[in-house]
Every structure is written in C-alpha cells, then in structure tokens.
Amino acid sequence: MQIADNTVVQLHYTLKDEQGQVLESNEGRSPLAYLHGHNNMMPGVEQALTGKAEGDRFSVTLAPAETYGERQEGMIQRIPVKHLEGAKRWQPGMVAVVQTDKGHRQVTVVKIGKFMAEVDFNHPLAGLTLTFELGVASVRAATEEEIAHGHAHGEGGHHH
C-alpha cells in the first residue's frame, strides 16, 4: 500500500542539521505513527512521504518554510521564571515549555534572572535547513474513527 491521504504511517526518522549533526532520532525504538493528509506532519515531510510504501528508506533535505518556519524577529519576551517548565535550574540555551493561550509552547531561554527570564518563542529549529532520513515501517488504511478524530490511534499514535 502506498502512502496517501487517510493512511496511517509508521516511520523511523533521523533528523540532522546542515552540518550533519543528529538532532533527534527514533531509530531502534518504536516507530512514530501519524495520519497522512490531516496536518499531523510537517508539510515538506508529508509531501516527501506521499507515494512511498512499507520498507522504503530515503533522505530529504527541507528548507525552513517546509518544516519549523523561518525565524521571526520580535519573538523574545520577558516572563516570570516560575512559568518555565522542564528543569529546576535554568541556563541560557536551554529549552523550556510554557503554557500560552494557544497551549504548550517550546521556548529557548535567552537570559535568566532570579525572577524573570527572557525567552525566544521561535521554535528551537526555526530557520534551519534540515535533513530527514526516513524509513517507512508500515502503511495501512485509517479507520473511520481515526479519520473522524484526525489522528492515528494505537502504537506510536494517540491513545484514548
């Protein structure tokens, strides 16, 4: 079966920066599952996977606009340190999670004080050209429930 809209894809990936440094990988672990065609995957990655089948392995290099977006100026804000989630002690360069009116967001600590922190709301990988090494572990037709919910269920996907 080929990857198309309304298929559940399980995949292994390795994400590398422009210097070839591995930033993230799930190789050797359970595959990631997502529902294709429902905005659950970065546009460039989803487009690269369209038409592929179980067992396919390939690499794709994508511009920022196709992944985490370009870096935007004016995204540095001062917030209370108590709103940073993910560590007890903070240092510049660390990634934290903060609750916003649009849900949880990853931020990068720019400057840290006793009570206030300057954080960058750009995604930590925004502005980077990224290479994805992808391996399709499986492809199957999505269930009606998965399509209605807009995401994959089961191993590697969402559990209700």
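Let's start with contacts. A contact means heavy atoms within 4.5 Å. Among the contacts in this chain with a separation of 6 or more, 62% are between residues 24 or more positions apart.

A word on the model. This is a predicted model, where local features need pLDDT of at least 70, side-chain atom pairs count only at pLDDT 80 or more, and totals for chains, interfaces and linings use all residues. Residues are numbered from 1 along each chain as its sequence is written, and side-chain values use heavy atoms, with hydrogens and water left out.

Now the overall picture. The chain has 2 helices and 9 strands. Helices (H or I, at least four residues) and strands (E, at least two) are DSSP runs, numbered from the N terminus. Along the sequence, the pattern reads β-β-β-α-β-β-β-β-β-β-α. The C-alpha atoms fill a box of roughly 55 × 40 × 30 Å, along the principal axes. Of the 160 residues, 38% are buried. Buried means under 20% relative accessible area, exposed means over 50%, and partly exposed is in between, with a 1.4 Å probe and protein chains only.

Next, the cores. A nonpolar core is a set of buried Ala, Val, Leu, Ile, Met, Phe, Trp, Tyr and Cys residues joined through side-chain atoms within 4.5 Å. The largest one has 20 residues. Leu11, Val45, Leu49, Val60, Phe132 and Leu134 have the most contacts inside it. Which elements give two or more residues to this core? They are β1 (7–16), α1 (43–49), β4 (57–62) and β9 (130–141). The largest share, 5 residues, comes from β9. Take Leu134. Beyond four places in sequence, Leu134 contacts Leu11, His12, Tyr13, Val45, Leu49, Asp56, Arg57, Phe58 and Val60. There is also a second, separate core of 11 residues, and Ala96, Val98, Val119 and Phe121 are among them.

Look at β4. In a regular strand the side chains alternate between the two faces of the sheet. Here, Phe58, Val60 and Leu62 point to one face and are buried. β4 and β9 run antiparallel, joined by 6 bridges. Two strands pair if DSSP finds at least two bridges between them. Leu62 stands opposite Leu130 in β9.

Phe58 has a charge over its ring. Lys52 lies over the face of Phe58, 4.7 Å from the ring centre. The rule is NZ of Lys or CZ of Arg within 6 Å of the ring centre and within 35 degrees of the ring normal.

On to an open sheet. It has 4 strands in the order β5-β8-β7-β6, with antiparallel pairing. The edge strands are β5 (76–80) and β6 (95–100), and each pairs on one side only. Between β5 and β8 (residues 116–120) there are 5 bridges. Arg78 has Glu118 in β8 as its bridge partner.

Beyond four places in sequence, Gln10 touches residues including Pro31, Gly135 and Glu155.

Thr50 sits in the loop between α1 and β4. Thr50 is partly exposed, at 43% relative accessible area. Leaving out residues up to four places away in sequence, Thr50 touches Ile3 and His36. Thr50 and Ile112 are 62 residues apart in sequence and 43 Å apart in space, C-alpha to C-alpha.
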